[in-house]
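Visitor: I am new to this structure and would like to learn how its features are read. Could you take me through them one at a time?

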Amino acid sequence: MSARKLKVVLTRRLPDAVETRMRELFDAELNLTDRPMSRDDLAAALQRADVLVPTITDQLDADLIAGAGERLKMIANFGAGVNHIDVDAAVGRGIIVTNTPGVLTEDTADLAMTLILAVSRRIVEGANIVAAGEFKGWAPTWMCGRKLWGKRLGIVGMGRIGQALARRAKAFGMQVHYHNRKPVPDMIAEELGATWWDDLDQMLARMDVISLNCPATKETYHLLSAERLARLQPHVLLINTARGELIDEAALAEAVKARAVAGVGLDVFEHEPQVHPGLLGHPNVVLLPHLGSATLEARQDMGDRVIANIMTYQNGHRPPDRVIPAML
């Protein structure tokens with residue numbers, strides 16, 4: 001590689017320590033306003049960058065990537081999910097795509113467990129009652145939620161985050177079930193006491209809690225369609241900390257309205273940051289603003305992984321977190 005510093009364009013503000021280190025190592029262009037780039041801004045950045053460091057707010061489709069400059073050699077995503085990047089188009093142009101897997105596993109699993117607890121025990125509803133000055137005192141039959149001990153949790157996607165959630169759920173006395181393309185190794189299944197279902201529909205119809213922990217791909221788009229939502233038991237709690245596109249949000253709003261599900265906890269949305277209006281204002285629906293990886297530690301670790309991927313490429317080696325279409 002040339003001794004010239006790589007031109008690295010960051011599309012959003014990253015932790016100060018990450019930005020400072022990037023300035024030391026690269027010809028790094030920061031976005032100090034932290035305003036999401038427009039499509040025209042992204043097109044211009046793709047022209048002048050050797051490396052683009054986007055986030056989930058940047059939609060890099062095939063047309064944008066086709067117009068990238070010849071000097072663009074790498075898209076080093078700040079985040080684990082890459083559904084906002086047309087990886088096929090990038091690879092077709094000889095552009096390396098990387099992500100930051102692993103570093104947000106525990107934080108996202110924490111949040112999924114938090115949503116399970118919040119929905120099952122009506123935490124947000126109760127907190128709002130107290131904040132509004134409407135708490136009139138304890139009563140035997142008031143604000144009763146559901147216990148978790150002994151309930152069946154169905155995890156859709158038993159990767160790093162799914163397994164981390166399963167460990168937390170087991171500590172709460174839940175029975176762990178999961179759907180995955182293939183079973184996890186026997187040692188992990190035994191540790192978690194986890195039951196594998198090869199048929200997603202069969203599992204969904206039997207669970208008390210459903211948690212989505214799989215990536216967003218063409219195959220998983222609207223994985224929970226209106227038809228599949230109709231298979232859920234009416235007492236089910238539905239949790240999504242993965243990607244909003246996994247659920248047909250309009251169909252979910254109808255299910256909530258019809259009381260076909262008992263509770264919903266979402267950290268991600270199909271048309272983020274917009275939320276389907278039919279999901280707003282329900283006491284049994286807990287909505288969070290995409291907090292899955294929102295810890296200081298996770299965001300720092302994500303930045304460190306981005307830097308490691310760029311440095312590895314700069315030194316002429318294969319980046320450790322390279323994403324290829326066959327992985328998706």
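This is a predicted model: local features need pLDDT of at least 70, side-chain atom pairs count only at pLDDT 80 or more; totals for chains, interfaces and linings use all residues.

Visitor: Where does the domain assignment place domain 1 and domain 2?

Guide: A domain may be made of separate stretches of the chain, and here the assignment gives domain 1 as 7–99 + 295–327, while domain 2 is given as 104–287. Taken over C-alpha atoms, the centres of domain 1 and domain 2 are separated by 31 Å.

Visitor: Which residues do the UniProt annotations cover?

Guide: An annotation comes from a record, and in this case UniProt, in an unreviewed entry, places the feature "domain: D-isomer specific 2-hydroxyacid dehydrogenase catalytic" at residues 17–323. That span is 36% helix and 14% strand, and its end C-alpha atoms lie 25 Å apart. The UniProt annotation "domain: D-isomer specific 2-hydroxyacid dehydrogenase NAD-binding", also from an unreviewed entry, covers residues 113–292; this span is 30% helix and 16% strand, with its end C-alpha atoms 11 Å apart.

Visitor: How many residues of domain 1 and domain 2 are in contact, and what area is buried between them?

Guide: An interface can be read by its contacts and by its buried area: eight residues of domain 1 are in contact with six residues of domain 2, and the area buried between the two is about 580 Å², with carbon and sulfur atoms giving 52% of it. By class, the side of domain 1 that touches domain 2 has four nonpolar, three polar and one charged residues. Three residue pairs are found in polar contact across this interface, whereas the count of salt bridges between domain 1 and domain 2 is zero.

Visitor: What should I look for in the backbone?

Guide: Most peptide bonds are trans, and most residues other than glycine have a negative phi. Here a cis peptide bond, with omega about 10°, joins Glu272 and Pro273, and Pro273 is found in the loop between strand 11 (263–266) and strand 12 (285–287). Arg259, a residue other than glycine, has a positive phi near 60°, and its place is in the loop between helix 11 (249–257) and strand 11.

How values were computed:
Residues are numbered from 1 along each chain as its sequence is written. Side-chain values use heavy atoms; hydrogens and water are left out. UniProt positions are given in the numbering used here, feature names are shortened, and annotations may be inferred rather than shown by experiment. Helices (H or I, at least four residues) and strands (E, at least two) are DSSP runs, numbered from the N terminus. Domain bounds come from an automatic or database domain assignment. Contact means heavy atoms within 4.5 Å. Buried area is the accessible area (1.4 Å probe) that two parts lose on being put together, summed over both. A salt bridge is a side-chain nitrogen of Lys or Arg within 4 Å of a carboxyl oxygen of Asp or Glu. A polar contact is a pair of N or O atoms within 3.5 Å; within protein, one must be able to donate a hydrogen and the other to accept it, and residues adjacent in sequence count only if both atoms are side-chain atoms. Ala, Val, Leu, Ile, Met, Phe, Trp, Tyr, Cys and Pro count as nonpolar, Asp, Glu, Lys and Arg as charged, and the others, Gly among them, as polar.
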